[in-house]
Amino acid sequence: INRFFKIIDTDTPGSISFDDFKKKVRPPMNKNRRSLVLRAFNKLDKTGDGKITVDDLKGVYDVTKHPKYVSGEWSEEQIFLKFLESYDTPNESDGLVTKEEFVNYYSGVSASIDNDAYFDLMMRNSWKL
C-alpha cells in the first residue's frame, strides 16, 4: 500500500487528491483520440503559444446564445473565463488552459466513452474538426 500511495501522491506529501487518483488509475487515451484532442486544442489556441486564453476564444466560441449573456447577467469576458475554468486544473483556475490541462480534461472524458467512433464523433461535432 505504501508503494501505491507514493506512486499516486505526486504533489502533496502525505495525501492523495481525488484528481491525482483519477489521473493515475484511468487508462491512457489511444493515439487517435489524443490526436483529435490535440487538433481541438490547436484550433482554440489561435496564437500558438500553448495556452488557450480569453483572446484565443474570441471568434471561436460564440457567447451570444449563452443564457447568462442573453439575460445580461454575465459579460462576454465572464462567460469566456467560466468556459476556461471548466478545463482548468481544479482549484487552480488562472484564466488560461494549457495543453496539458486540456488533454487531462479529455482523458477523463475519454475514460467514460468506450466506443472510439463515438469519441471521434463527439470531438468532431463539438469542435467542428
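**Ground rules.** This is a predicted model, where local features need pLDDT of at least 70, side-chain atom pairs count only at pLDDT 80 or more, and totals for chains, interfaces and linings use all residues. Residues are numbered from 1 along each chain as its sequence is written, and side-chain values use heavy atoms, with hydrogens and water left out.

**Entry: T98.** I looked up T98 and found it in strand β2, residues 97-98. Strands here are DSSP runs of E, at least two residues, and helices are runs of H or I, at least four residues, numbered from the N terminus. Is T98 buried or exposed, or in between? T98 is partly exposed, because its relative accessibility is 25%. My cut-offs: buried is under 20% relative accessible area, exposed is over 50%, and partly exposed is in between, with a 1.4 Å probe and protein chains only.

Next I checked what T98 touches. Leaving out residues up to four places away in sequence, T98 is in contact with F41 and G50, where contact means heavy atoms within 4.5 Å. I also noted D45, which sits 53 residues from T98 along the chain, with 9.4 Å between their C-alpha atoms.

**Entry: S110.** S110 belongs to helix α7, residues 99-111. S110 counts as buried, because its relative accessibility is 8%. Beyond four places in sequence, I see S110 touching M29, R33 and F119. With R33 there is also a side-chain polar contact of 2.8 Å. That term means a pair of N or O atoms within 3.5 Å; within protein, one must be able to donate a hydrogen and the other to accept it, and residues adjacent in sequence count only if both atoms are side-chain atoms.

**Entry: aromatic rings.** How many aromatic pairs does a search of the whole structure find? I get twelve. Rings of Phe, Tyr and Trp (its six-membered ring) pair if their centres lie within 6.5 Å; planes under 30 degrees apart are stacked, over 60 edge-to-face, and the rest tilted.

I picked F83 and Y87: centres 5.3 Å apart and planes at 55 degrees, so this pair is tilted. Both lie in helix α6, residues 76-87, four residues apart, about one turn of the helix. F83 and Y87 are both buried.

Y87 also makes a tilted pair with W127, at 6.4 Å centre to centre and 55 degrees between the planes. That pair links distant parts of the chain, as W127 is in helix α8, residues 116-127, and 40 residues from Y87. W127 is buried, with a relative accessible area of 11%.
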